[in-house]
Amino acid sequence: MLSKPFENVRKYHEEHGDDYGSEESRRQKYETIFSLVPRWTEKSILDVGAGEGEFGKLLNTKLIHLQWKYYSLDLLSNTNVLDYHEHHDIVVANGIFYKLDNFDQCAELIRHMWWLTKECLVFTSLSTWAPTKHPFELYLNPSHVLEFCRELSLRVTLRHDYLPHDFTVALYR
């Protein structure tokens with residue numbers, strides 16, 4: 001169990017700042033997330049992330065004419081996502097696993113975020129299929145993640161076609 005989830009992420013960001021890829025890399029991740037959610041209109045959206053609400057700002061520009069409610073769960077604060085219990089139509093987690101220690105920690109978070117989800121959970125991760133890897137970052141095996149997610153839902157999409165080092169998974173109810 002994660003007694004202090006993301007403590008190592010907070011510590012890393014305090015020491016090194018935000019290093020979450022280039023602007024183009026982030027754009028490609030966000031576009032992939034957008035493509036995997038069938039409908040954003042009139043939805044409650046929870047952004048589980050360690051950033052400064054960049055995804056929410058992008059949502060605002062893309063969905064300015066649609067009715068939706070955005071909630072951000074800042075993991076760099078002392079927020080424990082496992083203590084969060086409000087359900088949302090769509091839950092998004094972009095780049096939150098890379099400083100965790102192992103897949104079991106990721107699985108616990110995925111399981112909880114799926115429990116929070118009414119319709120669709122979308123998350124990104126670094127991939128073990130990446131041609132190069134940075135030390136001290138957690139890379140997940142897309143096949144293993146897909147197998148795990150299929151235990152939660154039979155309606156799963158995995159995209160690994162937009163960046164060589166990254167993949168996105170969507171689970172649907």
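Analyst: Let us begin with Phe136, which lies in the loop between strand 4 (117-126) and helix 5. Please keep in mind that this is a predicted model.

User: Why is Phe136 called exposed?

Analyst: The relative accessible area of Phe136 is 78%. The label requires a value over 50%. Phe136 is therefore exposed, because 78% lies over that cut-off.

User: How far apart in space are Lys99 and Phe136?

Analyst: Their C-alpha atoms are 7.3 Å apart, while 37 residues separate them in sequence. Lys99 is also a loop residue, found between strand 3 (88-93) and helix 4.

User: Is Lys99 buried or exposed, and how do you know?

Analyst: Lys99 has a relative accessibility of 9%. Buried means under 20%, so Lys99 counts as buried.

User: What makes Glu42 exposed?

Analyst: Glu42 belongs to the loop between helix 2 and strand 1 (43-49). Its relative accessible area is 51%. Since 51% is over 50%, Glu42 is called exposed.

User: Why is Ser25 called buried?

Analyst: Ser25 is part of helix 2 (residues 23-36). Its relative accessible area is 8%. That value is under 20%, so Ser25 is buried.

User: Which residues does Ser25 touch?

Analyst: Leaving aside residues up to four places away in sequence, Ser25 touches Leu163 and His165. To touch, in this sense, is to have heavy atoms within 4.5 Å.

User: How do you know that Met113 is buried?

Analyst: Met113, a residue of helix 4, has a relative accessibility of 1%. Because this is under 20%, Met113 counts as buried. With residues up to four places away in sequence left out, Met113 touches Val48, Val91, Ala93, Ile96, Phe97 and Leu121. Between the C-alpha atoms of Met113 and Tyr84, which are 29 residues apart along the chain, the separation is 9.3 Å.

User: Why is Val122 called buried?

Analyst: The relative accessibility of Val122 is 0%. The cut-off for the label is under 20%, so Val122 counts as buried. Val122 lies in strand 4. Among the residues that Val122 touches, apart from those up to four places away in sequence, are Ile33, Leu36, Val37 and Thr168. Ala170 is also one of these; it is 48 residues from Val122 in sequence, yet the two C-alpha atoms are 4.3 Å apart.

User: Which residues make the contact between helix 4 and helix 5, and how do the two axes lie?

Analyst: The axes of helix 4 (residues 103-116) and helix 5 (residues 142-152) come within 11 Å and cross at roughly 35 degrees. Helix 4 contributes Phe103, Ala107, Ile110, Arg111 and Trp114 to the contact, and helix 5 contributes His144, Val145, Phe148, Cys149 and Leu152. These residues divide into 8 nonpolar, 1 polar and 1 charged.

User: What handedness does the crossing of helix 4 and helix 5 have?

Analyst: Helix 4 passes helix 5 in a right-handed crossing. The term applies because the near helix is turned clockwise from the far one by less than a right angle.

User: How many disulfides does the structure hold?

Analyst: The structure holds 0 disulfides. The term requires a pair of cysteine sulfur atoms within 2.5 Å. As for individual cysteines, Cys106 has a relative accessible area of 0% and is buried. Cys120, at 3%, also counts as buried. Both labels follow because the values are under 20%.

User: What proportion of the whole protein counts as buried?

Analyst: Of its 173 residues, 53% count as buried. The protein exposes about 8900 Å², and carbon and sulfur atoms supply 50% of that area. Its secondary structure comes to 5 helices and 6 strands, following the pattern α-α-β-α-β-β-α-β-α-β-β along the sequence.

Key:
Residues are numbered from 1 along each chain as its sequence is written. This is a predicted model: local features need pLDDT of at least 70, side-chain atom pairs count only at pLDDT 80 or more; totals for chains, interfaces and linings use all residues. Side-chain values use heavy atoms; hydrogens and water are left out. Axes are lines fitted to C-alpha atoms, for helices over the stretch in contact, and angles run from 0 to 180 degrees between N-to-C directions. Helices (H or I, at least four residues) and strands (E, at least two) are DSSP runs, numbered from the N terminus. Ala, Val, Leu, Ile, Met, Phe, Trp, Tyr, Cys and Pro count as nonpolar, Asp, Glu, Lys and Arg as charged, and the others, Gly among them, as polar. Buried means under 20% relative accessible area, exposed over 50%, partly exposed in between (1.4 Å probe, protein chains only). Accessible areas come from the Shrake-Rupley method with a 1.4 Å probe; for residues, only the protein chains shown count as cover.
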